[in-house]
Amino acid sequence: MKNRRSNISDSVRKELEFDKVLDLLVAFAKSTSNKERIRALSILHSPKVLNYHLDCLQEYNSIQSDKSFPSFGYIDLKEVIRYLNIENAVLTEDQFFDIYHAANWVNSLIHFINNNEYEIPTIGQLIGDLKKSITIKKRIEKVFTPRRFIRSNASEMLFAIREDISKKRSLADKHFQETMSHYVHLGFLADIRESFADSVSLLAVSSEYKRKVKGQVRGQSKTKSITFIEPEKCISLNRELAHLYEEEKEEILRILKELTADLKEHLEQIEAYKDLIEELDFLDAKLKLAKLMEANRPKVSSSRAINIRDAFHPL
């Protein structure tokens, strides 16, 4: 329900220190949109509108105080939705998980409401037609592990590539260890024995012996006392691995493009998640300020009479 602009004068607004109250409320809001919304608030003069907002807050307070209420943490979906509306855009890992966590939280909220007997008609209006759905959750879980790694079985191609990487990595490591042991025995290696560059294992050879070690020179230490050499036995395997790592990146990108395209099919649902989360962030901010001020709900009517009992300005 939209606010109507108040006709209360700026002088009365100033006397009531309304803007100072809004500053306190802004601090509790997580959403940048809600911070702007709060700064634009005016003093309401419609009993109907005011009671609607008071009903929302009272209902939210009643469910939020329940120990089984799913803990609310603001999730910003605005950028996610912007990307989903861009052709050929690919969501980032964080954006996929923003959708994932939003879907999980909304499902938890709906489950909580369905399994409790709260009378919350205005909160029900905010939820609208949203229903519990595991479609988005399952689709993201098919690609990502809980620790945010891309699953090897996210595609048959990725599985095959990673299997090939694993075999060649093991063979390259075996050849490297054998070569290193050989040159350790000959006394050709420096104390550090090995180093790494571009994910490739290198022998740390004392420079005086560099011509006696078969392989490709990849660099030297600052003092030039150590020469870093890629063993001859490992060169072709390392090249194959570099190519496989590129194939892996390309396949992961293809998978994420496909996942983004799939989530575009659920754009309307994700937008509904955003709208609900924004509204609950607004309610959460108001509830926190109300508790800070130890505020009570006033009885509001269209009568011009006012009865104030033990009231004081919250500031």
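## The nonpolar core

The largest nonpolar core has 51 residues, of which Tyr60, Leu77, Ile99, Ile123, Phe144 and Leu263 touch the most other members. A nonpolar core is a set of buried Ala, Val, Leu, Ile, Met, Phe, Trp, Tyr and Cys residues joined through side-chain atoms within 4.5 Å, and buried means under 20% relative accessible area with a 1.4 Å probe, protein chains only. At least two residues of this core come from each of H4, H5 (78–84), H6 (93–114), H7 (121–127), H8 (135–143), H10 (232–264) and H11 (267–292); these helices are DSSP runs of H or I with at least four residues, numbered from the N terminus. H6 gives the largest share, twelve residues. Another core of 13 residues lies apart from it, and includes Phe18, Val21, Leu22 and Ala285.

## Basis of the model

This is a predicted model, in which local features need pLDDT of at least 70 and side-chain atom pairs count only at pLDDT 80 or more, while totals for chains, interfaces and linings use all residues. Residues are numbered from 1 along each chain as its sequence is written, and side-chain values use heavy atoms, with hydrogens and water left out.

## Glu59 in helix H4

Glu59 belongs to helix H4 (residues 47–64). Glu59 is buried and has no salt bridge; Arg297, the nearest side chain of opposite charge, is 7.4 Å away. A salt bridge needs a side-chain nitrogen of Lys or Arg within 4 Å of a carboxyl oxygen of Asp or Glu.

Methods
Buried < 20%, exposed > 50% of the residue type's maximum accessible area, 1.4 Å probe, protein only. Lys, Arg positive; Asp, Glu negative; His and termini not counted.
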